[in-house]
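Colleague: I'm new to this one. Could you walk me through how to read it?

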Amino acid sequence: MIFLLLISLAFLLLRIQDESNETAVDVSVIASCPACEEEISIDWMVCPHCLQRLRESCPSCQKRKLISHSFCTSCGSGTQG
Ligand SMILES: [Zn+2]
Ligand SMILES: [Zn+2]
């Protein structure tokens, strides 16, 4: 039992080392296009792969929101109805 514990601990340490060695890639900004499912950045207005529009202006607060969101993430407009 202790042997197994040590092995998993060693794996854990190896994984932590691997992750710290990797160049920082912010995976949180990577999303997939709702139309073609290619990788896109959430900051992009238009998908470069299929030219699908990814964002539109909120009619309530005029801030840009993701088209795939049915409601505005800035002001919450669209949550009712
Ligand atoms: Zn696309
Ligand atoms: Zn809004």
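Colleague: Where does the model come from, and how is it numbered?

Modeller: It's a predicted model, where local features need pLDDT of at least 70, side-chain atom pairs count only at pLDDT 80 or more, and totals for chains, interfaces and linings use all residues. Residues are numbered from 1 along each chain as its sequence is written, while chains are lettered from A and ligands numbered from 1 in the order in which they are written.

Colleague: What is the mean pLDDT of the chain?

Modeller: pLDDT is the predictor's confidence in each residue, from 0 to 100. The chain's mean is 81, with 84% of its residues at 70 or more.

Colleague: Which pattern does the chain follow?

Modeller: Helices (H or I, at least four residues) and strands (E, at least two) are DSSP runs, numbered from the N terminus. Along the sequence you get α-β-β-β-β. Confidence is lowest in helix 1 (residues 2-21), at a mean of 77, and highest in strand 2 (residues 39-41), at 88.

Colleague: Is Ala31 buried, exposed or partly exposed, and why?

Modeller: Count other C-beta atoms, placed from the backbone, within 10 Å of a residue's own: 20 or more is buried, 12 or fewer exposed, in between partly exposed. Ala31 has 16, so it's partly exposed. Buried residues make up 5% of the 81 in the chain.

Colleague: Which residues does Ala31 touch?

Modeller: Ala31, in strand 1 (residues 30-32), touches Ile40 and Ile42, leaving out residues up to four places away in sequence.

Key. Contact = placed C-beta atoms within 7 Å.
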